[in-house]
Amino acid sequence: MRRTVSRSPVMLALAMLAACGQPSQSGVAEEQMVALDAAEPAGAKPAAEPTAAPIAVTLPRIAYIYRVGYRLPGDAIPALQQAHVALCDQMGPARCQLGGLNRSGGEAEYGNGTLKLRVESKSARAFLDSLNKAASDKGGRPVETAIEAEDVSKQMVDAEVRIRQRELLVSRLTEILRTRQGSVADLVAAERAVAEAQEELDQGKAWLAELKGRVAFSTIEVGYNAQAPEAGGFGAQLGDTFADSGNLFLIGLRGLLTVLIVLAPWGLLFGPLIWLTVRWRRRRRAAATEASD
């Protein structure tokens, strides 16, 4: 005799929730097998072998990060930053967004700054050319350029599969709650399962939206560094020479004062003894001279 085990719809839905927690590849394979079983009618004859179809190629979805650094006179950094922000404003918030701006350094030769922008991916390289032109107009030149690319295709596919699974699970659990099938304990467990599945569904949608945003908008990080002032003509060099000689004189004077300050306590200590010794020797020499006369 064959025994049959019956399960309530709620228990089946909870089992489905546990199964959805497995890796997305198994869920996709199960969905494909179910779809193939449903599409093949009972008793149907095997179809003829299909002809080779062209392989569909999916372009990778890549998130780009551009980094560029400029060297220019320190007093021109604020003006160049504002010029770059103005270029972003001209594109509009739908194509360019300001992510952050920083500027530091009180003196011109030590100034620096940073700028972070999010630009529409298809316009990012043309926008970089505009940044370089604005820097050239302000007397700057690019000294650093880097491009970082991250392929997020697999992450987006996984997120889309997970979202489809959670949507199917939420719809089935909601239908069970609507029809009131099962015991009270099963209904309470189904409500908790619906809440968990809905939370995971919202997280998946948020993660997928973030990935799409990283692909649609590229990040551009700009750095600004002040360059050292260039050497002038003969007059400037002569002035530098006088300045250096004055510095050397002050250094020598400071050294001499240091020596005097260090020797002063010893002079106060041994000076009277040396003076008494010299005076005693003079008197003795004078007495010897009188005796000889």
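This is a predicted model: local features need pLDDT of at least 70, side-chain atom pairs count only at pLDDT 80 or more; totals for chains, interfaces and linings use all residues.

Student: Which residue is joined to cysteine 96 by a disulfide?

Tutor: In general, a disulfide is a covalent bond between the sulfur atoms of two cysteines. Here the partner is cysteine 88, with an S to S distance of 2.0 Å. Cysteine 88 is likewise buried, at 3% relative accessibility. The torsion about the S-S bond is -115°, and the link of cysteine 88 and cysteine 96 is left-handed. The count for the structure comes to one disulfide.

Student: How is the overall fold to be read, and how many helices and strands does the protein chain have?

Tutor: One begins with the elements and their order. The protein chain has seven helices and five strands, arranged along the sequence as α-α-β-α-β-β-α-β-α-α-β-α. Of its 293 residues, 24% count as buried. Among contacts between residues at least 6 apart in sequence, 82% join residues at least 24 apart.

Student: Which residues touch the most other members of the largest nonpolar core?

Tutor: To read a core, one asks who its members are and which elements supply them. The largest nonpolar core holds 24 residues, and Tyr70, Phe127, Ile220, Val222 and Tyr224 touch the most other members. At least two residues each come from β1 (62-72), α3 (77-91), β3 (112-120), α4 (124-137) and β5 (217-226). Of these, α4 gives the most, with six residues. Apart from this core lies another, of nine residues, which include Leu169, Leu177, Val194 and Ala197.

Student: With which residues is tyrosine 224 in contact, leaving aside its neighbours within four places in sequence?

Tutor: Among them are Tyr70, Leu72, Ile77, Leu80, His84, Asn112 and Leu115.

Student: Is tryptophan 266 buried or exposed?

Tutor: Tryptophan 266 is exposed, because its relative accessible area is 52% and the cut-off for exposure is over 50%. Tryptophan 266 lies in helix α7 (residues 234-292). Together with Val259, Val262, Leu263, Leu269, Phe270, Leu273, Ile274 and Val278, Trp266 forms a nonpolar patch on the surface, with about 890 Å² of accessible area in all.

Student: How many salt bridges does a search of the whole structure find?

Tutor: The search finds eleven. Arginine 95 pairs with glutamate 120, their closest N and O atoms being 2.9 Å apart. Arginine 95 is in the loop between α3 and β2 (96-104) and glutamate 120 is in strand β3, so this bridge ties together parts 25 residues apart in sequence. Glutamate 120 is buried at 17% relative accessible area, whereas arginine 95 is partly exposed at 35%.

Student: Which elements does the salt bridge of arginine 214 and glutamate 150 link?

Tutor: The closest N and O atoms of arginine 214 and glutamate 150 are 2.3 Å apart. This pair links helix α6 (residues 184-216), which holds arginine 214, to strand β4 (residues 141-151), which holds glutamate 150, across 64 residues of the chain. Some bridges share residues: Arg67, Glu148 and Glu221 are linked in a network of salt bridges.

Definitions and conventions. Residues are numbered from 1 along each chain as its sequence is written. Side-chain values use heavy atoms; hydrogens and water are left out. A nonpolar core is a set of buried Ala, Val, Leu, Ile, Met, Phe, Trp, Tyr and Cys residues joined through side-chain atoms within 4.5 Å. Buried means under 20% relative accessible area, exposed over 50%, partly exposed in between (1.4 Å probe, protein chains only). Helices (H or I, at least four residues) and strands (E, at least two) are DSSP runs, numbered from the N terminus. Contact means heavy atoms within 4.5 Å. Patches are made of residues with over 30% relative accessible area and no salt bridge: like charges are joined within 9 Å, nonpolar side chains (Val, Leu, Ile, Met, Phe, Trp, Tyr) within 5 Å. Accessible areas come from the Shrake-Rupley method with a 1.4 Å probe; for residues, only the protein chains shown count as cover. A salt bridge is a side-chain nitrogen of Lys or Arg within 4 Å of a carboxyl oxygen of Asp or Glu. A disulfide is a pair of cysteine sulfur atoms within 2.5 Å.
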